[in-house]
Amino acid sequence: MTTLKSDFLRTLTERGFIHQCTDLEGLDTRLAQGPVSAYIGFDCTADSLHAGGLIQIMMLRWLQKTGHRPIVLMGGGTTRIGDPSFRDESRPLLDDAQIGRNMAGIKRVFSKYLTFGDGPTDAIMVNNADWLDGLQYIPFLRDVGRHFTINRMMSFDSVKIRLDREQPLTFLEFNYMILQAYDFMELSRRQNCLLQMGGSDQWGNIVNGVELTRRTDQREVYGLTSPLLTTASGAKMGKTASGAVWLNDDRLGAYEFWQYWRNTEDADVGRFLRLYTELPLDEVARLEALQGAEINEAKKVLATAITALCHGDGAAHEAAETARRTFEQGATAEGLPTIEVPRAALEAGIALADLFVTAGLTASKGESRRKIKEAALKLNDGAITDEAARATAADLSADGVIKLSFGKKKHALVKAV
C-alpha cells in the first residue's frame with residue numbers, strides 16, 4: 001500500500017479504524033493539502049448514544065486532532081423515518097417532542113470529545129431538519145429522485161436482507177437512503193464538506209451521497225467507513241445483558257461505565273486500546289503483550305483512559321479507586337461481606353446458585369436460578385446467563401477475590417483460602 005501522506009488517514013489506519021474508502025489515494029492527497037470538513041450523522045432515536053457509537057466519535061476526535069473540521073450532523077429530520085439498515089423491522093416512529101428531547105441528550109456527549117467554535121478546525125453541529133423539513137415533494141422527486149434507480153437500491157445488503165427474511169420494508173424507509181445522500185450534497189454546498197464517515201453498515205448510503213454530489217454538482221467528495229465491531233466472543237459492542245452501555249452519565253454512572261471496559265475480554269484489549277484511547281501505539285503494544293493475571297492491569301488502564309474521555313479525569317480515577325477498594329480491601333472499603341471458600345473447591349468449580357446462597361445474597365438455590373433468568377445476578381460485574389454456571393479459580397481477580405452482585409446494591413466477595 002502507498003505510504004499515506006495525511007496524518008488523519010495514517011492515524012486511522014495504524015489504529016484500525018478503516019474498513020472501506022471510496023478513493024483512499026484521492027482523499028489522502030486532499031487531506032494533505034489543508035483542512036477538510038467531514039461529517040458523521042447521528043439519528044436521535046434515544047436520549048444518549050451508547051458505546052457502540054464511540055468509534056464514530058473517536059473518528060471525529062482524531063479528525064480534529066490532525067487539523068481538520070468535524071461536523072456533527074443531528075438527524076432531526078431523518079429520525080422521523082428511521083434508518084432501516086440491517087434491521088428486521090421498522091423502527092418506532094417518534095414525534096417531534098421526543099426527537100427534540102433525544103437530540104438535547106445526545107448533544108451533551110460531543111462537548112467532551114470535540115472543541116466547538118468558529119475557527120477553521122473547530123467542530124460545528126447541524127440539524128438535517130433545517131433543509132429536509134422544507135423540501136417540496138415534486139421538485140425533490142424531479143431533481144434528486146431521478147438519480148436513483150430501483151435496481152440499484154434493491155442491490156444494497158440492507159434492503160436485500162430485509163426482503164430475504166420476508167420482512168416488510170415500507171416506502172417510508174425506502175426513502176431513507178435518498179435523504180441521507182441528499183444530506184451529503186447539502187453539507188457539501190453549505191459547509192464545503194468533502195467527506196462522510198460512518199460504520200460499514202452505512203456504506204451503501206454513503207456511496208449514494210458521493211455519487212449524487214458528483215452528478216448534481218460535478219464535485220469530488222469521499223466516503224470512509226469503520227468496521228462494525230463485536231467483542232472477541234461475538235457480542236455486540238455497547239450492549240450487555242442488563243442493557244446498553246450509555247455514554248451520558250445520567251443513564252449510566254462512571255463506575256458502571258468503567259466496569260464495562262474493565263471486563264473486556266483478553267483478546268480485545270489491544271484493539272480497544274487503539275480504537276478508544278489516545279495512548280501511544282508503543283504503549284498499546286506493551287500492554288496487549290501482557291500475559292496471565294498481568295493483562296488485568298492493561299484492562300484497568302483501558303477502562304480508566306476511556307472513562308476519562310467520556311466522564312472526565314476525576315470520575316475515571318474515582319471509579320478506578322472504588323474498584324480497587326472493592327476488590328482489594330473487601331468489607332473494609334464499602335462494607336462488603338466476604339466469605340471464604342476452600343481453594344480446592346473453587347478449583348473444582350462451585351455452582352453459582354449455591355454460592356449466592358452461601359454469600360447471603362439469595363435465600364435459596366431456586367431464588368438464585370430465578371434471578372439468573374432475570375439477569376439480576378452478576379459475577380465480577382458481568383451478567384450471569386446460565387443457571388448451571390459454576391465459579392472457578394479462573395474467575396478470581398488479580399487480587400484474589402470474586403465479586404458477586406444481586407442488582408446494583410447487594411454485593412459480596414468470595415475469597416479462596
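Me: What relative accessible area does Arg 286 have?

Reply: Arg 286 has a relative accessible area of 45% and is partly exposed. The classes run as follows: buried is under 20% relative accessible area, exposed is over 50%, and partly exposed lies in between, using a 1.4 Å probe and protein chains only. The model is predicted, so local features need pLDDT of at least 70 and side-chain atom pairs count only at pLDDT 80 or more, while totals for chains, interfaces and linings use all residues. Residues are numbered from 1 along each chain as its sequence is written, and side-chain values use heavy atoms, with hydrogens and water left out.

Me: Which residue forms a salt bridge with Arg 286?

Reply: Side chains of opposite charge can pair when their charged atoms come close. Here a salt bridge requires a side-chain nitrogen of Lys or Arg within 4 Å of a carboxyl oxygen of Asp or Glu. The partner of Arg 286 is Glu 283, with the closest N and O atoms 2.9 Å apart. The two are separated by about one helical turn, because they stand three residues apart in helix H14 (residues 281–288). Helices (H or I, at least four residues) and strands (E, at least two) are DSSP runs, numbered from the N terminus. Glu 283 is partly exposed, at 26%. Salt bridges with shared partners also join Arg 61, Lys 65 and Glu 278 into one network.

Me: How many salt bridges does the structure hold?

Reply: The structure holds 25 salt bridges. Glu 186 is buried at 9%, whereas Arg 190 is partly exposed at 45%.

In the other case, Asp 217 meets Arg 189 at 2.9 Å, N to O. That pair links distant parts of the chain, 28 residues apart: Asp 217 belongs to helix H11 (residues 203–217) and Arg 189 to H10. Asp 217 is partly exposed at 25%, and Arg 189 is partly exposed at 47%.

Me: Which residues touch the most other members of the largest nonpolar core?

Reply: In soluble globular proteins, nonpolar side chains tend to be buried together. A nonpolar core is a set of buried Ala, Val, Leu, Ile, Met, Phe, Trp, Tyr and Cys residues joined through side-chain atoms within 4.5 Å. The largest one has 98 residues, of which Phe 8, Phe 110, Trp 261 and Tyr 276 touch the most other members. Another core, of 23 residues, lies apart from it and includes Phe 356, Ile 372, Ile 402 and Val 414.

Me: How many aromatic pairs are found in the whole structure?

Reply: Rings of Phe, Tyr and Trp (its six-membered ring) pair if their centres lie within 6.5 Å; planes under 30 degrees apart count as stacked, over 60 as edge-to-face and the rest as tilted. The search finds eight such pairs. Tyr 39 and Phe 184 make an edge-to-face pair, 5.6 Å centre to centre with 65 degrees between the planes. Tyr 39 lies in strand S2 (residues 37–43) and Phe 184 in helix H10, so this pair ties together parts 145 residues apart in sequence. The pair of Trp 261 and Tyr 276 is tilted, because the ring centres are 5.1 Å apart and the planes stand at 55 degrees. Trp 261 is in helix H12 (residues 254–262) and Tyr 276 in helix H13 (residues 269–276), so the pair ties together parts 15 residues apart in sequence. Both Trp 261 and Tyr 276 are buried.

Me: Which residues of helix H20 are buried?

Reply: In H20 (residues 365–373), the buried residues are Glu 367, Ser 368 and Ile 372. They lie on the same side of H20, because they cover an arc of only 140 degrees around the axis, taken from the directions from the helix axis to the C-beta atoms. The face turned away from the buried side carries the exposed residues Arg 370 and Lys 373. Covering the buried residues are, among others, helix H19 (352–358), strand S11 (377–379) and strand S14 (401–406), where contact means heavy atoms within 4.5 Å.

Me: How many disulfides are counted?

Reply: A disulfide is a pair of cysteine sulfur atoms within 2.5 Å, and the count here is zero. For Cys 44, the closest cysteine sulfur, in Cys 310, is 18 Å away, too far for a bond. Cys 193 is likewise in no disulfide, with the nearest cysteine sulfur, that of Cys 21, 13 Å away.
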